[in-house]
Amino acid sequence: MAGTNSKRILGLVGSPRKLGNCEVFIKELSTYISNKHTLNLIRMPLLNIVPCHACYKCIMDKPCLIKDNMGFLLDQILQCDALIIASPVYFLGTHSIFKRVLDRGFMFYKYIERTNNKPCVLVNFYGMEEKIGVAPQTLMTLAISLGMNIRANLSLKAALPGEVLMNEGYKKLAEKIGQTLFSDEIIVNSHGCPFCGCEIVRIGERGFICTVCHGHFSIDCNGNKVKIKRGDILGSSQHVLLHKEWLKSMKNKFLEEREEILRRVDKYKNIGEWIKP
Ligand SMILES: Cc1cc2nc3c(=O)[nH]c(=O)nc-3n(C[C@H](O)[C@H](O)[C@H](O)COP(=O)(O)O)c2cc1C
């Protein structure tokens, strides 16, 4: 039972495999958290998360009409003191459940002041050398959209269920992160974007553009990263509130221009046959 000074740790297990790498690593890490705590776990693939209807109701501060497990998940995130998210890499991305949750992310905006700055650890497990694809980007976008304070963003290679425990280096990492979870020490990706640490970039005309913070940077002939332009201050409550206002203005713009848009789209109404399973 959690006492009054006890911290609530929430582990989002992205794998369906019982005692797989995601599950045991979260558990291992939690054993090093020096604060008194309870660990709650959610097996994410078991959640029913329905795709966003794009109705913008939540942006207009109205309740989401979809009845699924999104409310439960948000509630658990609001109640926790720290979040650990672990996902297996599936076909060069995170488990799709995290993208499903992220696609409902406009719902986060109402709660940003309460999720802002909570410590968060991200872990991606992959099984084949270098075949991690874009997975770390999705988990990072999820954490940043909740305004979380990313303490560490790890990509760990372990293919067999639970194999992570055979790697002493990874266990040491779990120990370090567990011990520093509620401190100011951040375990950074020194090889990532010089603004936010994300490793996944687009190639622009003059260098690289981070796919999370959209900072621009290049790499000089000595291999040093050179900052060119800062991107958005994603994830801060200030950014979220500005984005929310912009989205509201877009909804209003649509209402103003609806007649003209409907006139133009009308002729496409009966083209093609919709088929269903
Ligand atoms: C459907 C499926 C797709 C996978 N795709 C990849 C992949 O693209 N790249 C990779 O390195 N490993 C891939 N893997 C391996 C898993 O990422 C790896 O085994 C991981 O440790 C699983 O974590 P878990 O033990 O918590 O389930 C895949 C595994 C499955 C079942």
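Two strands are said to pair if DSSP finds at least two bridges between them, and strands themselves (E, at least two residues), like helices (H or I, at least four residues), are DSSP runs numbered from the N terminus. The model described here is predicted, so that local features need pLDDT of at least 70 and side-chain atom pairs count only at pLDDT 80 or more, while totals for chains, interfaces and linings use all residues. Residues are numbered from 1 along each chain as its sequence is written.

In β3 (residues 82-88), 7 of 7 residues are buried, where buried stands for 20 or more other C-beta atoms within 10 Å of a residue's own, exposed for 12 or fewer and partly exposed for values in between, with C-beta atoms placed from the backbone. A82, I84, A86 and P88 point one way from this strand, whereas L83, I85 and S87 point the other way.

L83 is also, with L122 and A143, among the residues with the most contacts inside the largest nonpolar core, which has 55 residues; such a core is a set of buried Ala, Val, Leu, Ile, Met, Phe, Trp, Tyr and Cys residues joined through C-beta atoms within 7 Å. Apart from this core lies another, of 5 residues, including C58, F106, Y109 and I112.

Of the 20 residues around the ligand, S15, G20, P88, Y126 and G127 come nearest, a residue being near if its C-beta atom, placed from the backbone, lies within 6 Å of the molecule. Both α1 (21-30) and β4 (119-126) supply at least two residues of this shell.

Elsewhere, 4 strands form an open antiparallel sheet in the order β6-β7-β8-β9, with β6 (201-203) and β9 (225-229) as the edge strands, each of which pairs on one side only.

C52, placed in the loop between β2 (37-43) and α2 (70-79), is partly exposed because 18 other C-beta atoms lie within 10 Å. The C-alpha atoms of C52 and E113, which are 61 residues apart along the chain, are separated by 22 Å.
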